[in-house]
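This briefing sets out the fold, the surface and a few selected residues of one protein chain. Please consult the sequence and the model displayed here before reading on.

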Amino acid sequence: MNTIEVYKTNVNKPQSARSILEEIRRTHPNCDPSFDLEDCDNVLRIEDSSGVNHSVITKIFQNHGFYLDSLL
């Protein structure tokens, strides 16, 4: 069963989003992350069959100079 995590972020540029998505995919190979930068909350959605490690995701964002907050 897949879990879906949804986050509000302050990522607003496609280049930054691509870089973060690449790192998420490296650290969570079973996940399918995506950004919706047209949404007012710059939503990051992560679908994963093995569970998302929130502390790793948070650290990735911090390392890139961004924040994320859980929406659900």
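Buried denotes a relative accessible area under 20%, exposed one over 50%, and partly exposed a value in between, computed with a 1.4 Å probe and protein chains only. By this scale E22 is partly exposed, because its relative accessible area is 46%. The model is predicted: local features need pLDDT of at least 70, side-chain atom pairs count only at pLDDT 80 or more, and totals for chains, interfaces and linings use all residues. Residues are numbered from 1 along each chain as its sequence is written, and side-chain values use heavy atoms, with hydrogens and water left out.

**Overall fold**

- The chain contains two helices and four strands; helices (H or I, at least four residues) and strands (E, at least two) are DSSP runs numbered from the N terminus.
- Along the sequence these elements follow the pattern β-α-β-β-α-β.
- The radius of gyration of the chain is 11 Å, close to the 11 Å that the globule rule gives for 72 residues, so the chain is as compact as a globular protein of that length. The radius is taken over C-alpha atoms, and the rule is 2.2 Å times the number of residues to the power 0.38.
- Taken along the principal axes, the box filled by the C-alpha atoms is roughly 30 × 20 × 20 Å.
- Contact means heavy atoms within 4.5 Å; among contacts between residues at least 6 apart in sequence, 63% join residues at least 24 apart.

**Surface and charge**

- Of the 72 residues, 35% count as buried.
- The chain exposes about 4500 Å², of which carbon and sulfur atoms supply 46%; such areas come from the Shrake-Rupley method with a 1.4 Å probe, and for residues only the protein chains shown count as cover.
- The mean positions of the 7 positive and 11 negative charges are 7 Å apart. Lys and Arg count as positive and Asp and Glu as negative, while His and the chain ends are not counted; each charge is placed at NZ of Lys, CZ of Arg, CG of Asp or CD of Glu.

- T9 belongs to strand 1 (residues 3-9) and is buried, with a relative accessible area of 3%.
- The side chain of T9 reaches the backbone oxygen of N42 at 2.6 Å.
- Not counting residues up to four places away in sequence, T9 touches F35, D41, N42, L44, F61, Y67 and L68.
- N42 is located in the loop between strand 2 (31-36) and strand 3, and is buried at a relative accessible area of 12%.
- Phi of N42 is near 45°, a positive value in a residue other than glycine.
- V43 lies in strand 3 (residues 43-48) and is buried, its relative accessible area being 14%.
- Leaving aside neighbours within four places in sequence, V43 is in contact with V6, Y7, S34, F35, D36 and L71.
- V43 and V11, 32 residues apart in sequence, have their C-alpha atoms 8.6 Å apart in space.

**Helix residues E22 and I60**

- E22 is part of helix 1 (residues 14-27).
- I60 is placed in helix 2 (residues 54-63) and is buried, with a relative accessible area of 2%.
- I60 touches I20, E23, I24 and T27, not counting residues up to four places away in sequence.
- E22 and D41 are 19 residues apart along the chain, and their C-alpha atoms are separated by 20 Å.
- I60 and D41 are 19 residues apart along the chain, with a C-alpha separation of 18 Å.

Key. A polar contact is a pair of N or O atoms within 3.5 Å; within protein, one must be able to donate a hydrogen and the other to accept it, and residues adjacent in sequence count only if both atoms are side-chain atoms.
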